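Thanks for coming. Please have the sequence and the coordinates open.

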Amino acid sequence: MEITANMAGNVWKIVVAEGDQVEEDQDVVILESMKMEIPIAAEEAGTIKELKVAEGDFVNEGDVLAILE
């Protein structure tokens, strides 16, 4: 499963690492847009297989942030 950005912004903080177990609704990445912090959460429980972004990256709406398995 892909975790995607729901809006454009900068990757302010990544709060998980590859290999981490995450629960449904657990924050994975925090975006910063228009001086607001927007948490992006996992839609289901699983393991972070791959992070596709780094802190400081700019992402557009729909961009893949992480792969969950």
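Ser33 is buried, with a relative accessible area of 10%. Buried here means under 20% relative accessible area, exposed means over 50%, and partly exposed is in between, with a 1.4 Å probe and protein chains only. Before going on, the ground rules: this is a predicted model, where local features need pLDDT of at least 70, side-chain atom pairs count only at pLDDT 80 or more, and totals for chains, interfaces and linings use all residues. Residues are numbered from 1 along each chain as its sequence is written, and side-chain values use heavy atoms, with hydrogens and water left out.

Back to Ser33, which lies in strand β4. Strands are DSSP runs of E with at least two residues, and helices are runs of H or I with at least four, numbered from the N terminus. Which residues does Ser33 touch, not counting residues up to four places away in sequence? They are Met7, Ala8, Gly9 and Ile38, where contact means heavy atoms within 4.5 Å.

**The hairpin and its sheet**

Next, the turn. β4 and β5 form a hairpin with two residues between them. Met34 is in the loop between β4 and β5, and Lys35 is found in that loop as well. Phi of Met34 is near 50°, a positive value in a residue other than glycine. For Lys35, also a residue other than glycine, phi is positive and near 65°.

Among the bridge partners, Glu32 has Glu37 in β5, and Asp27 has Ala41 in β5.

This pair belongs to an open sheet of four strands, with the order β5-β4-β2-β7 and antiparallel pairing. Why is one side of β5 and of β7 (58–59) left without a neighbour in the sheet? Both stand at the edges, each with a single partner strand.

**The other sheet**

Four strands form another open sheet, again with antiparallel pairing, in the order β1-β8-β6-β3. Here β1 (2–4) and β3 are the edge strands; each has a single partner strand, so one side of each is left without a neighbour in the sheet.

β3 (residues 21–22) pairs with β6 (residues 46–51) over two bridges, in the antiparallel sense; Val22 has Gly46 of β6 as its bridge partner. β6 also pairs with β8 (residues 64–68), antiparallel, over three bridges, and there Glu50 has Ile67 of β8 as its partner.

Glu50 comes up again in a salt bridge with Lys52, the closest N and O atoms being 3.4 Å apart. A salt bridge is a side-chain nitrogen of Lys or Arg within 4 Å of a carboxyl oxygen of Asp or Glu, and by this rule the count comes to one. Glu50 is partly exposed at 32% relative accessibility, and Lys52 is partly exposed at 45%. As for where we began, the C-alpha atoms of Ser33 and Lys52 are separated by 19 Å, with the two residues 19 apart along the chain.

**The core**

Last, the nonpolar side. The largest nonpolar core has 19 residues, and those with the most contacts inside it are Ile3, Val28, Leu31 and Ile48. The elements that give two or more residues to this core are β2 (9–14), β4 (27–33), β5 (36–41), β6 and β8. A nonpolar core is a set of buried Ala, Val, Leu, Ile, Met, Phe, Trp, Tyr and Cys residues joined through side-chain atoms within 4.5 Å.

Not counting residues up to four places away in sequence, Leu31 touches residues including Ala5, Trp12, Ile40 and Val59. That is the end of the tour.

Technical notes:
Two strands pair if DSSP finds at least two bridges between them.
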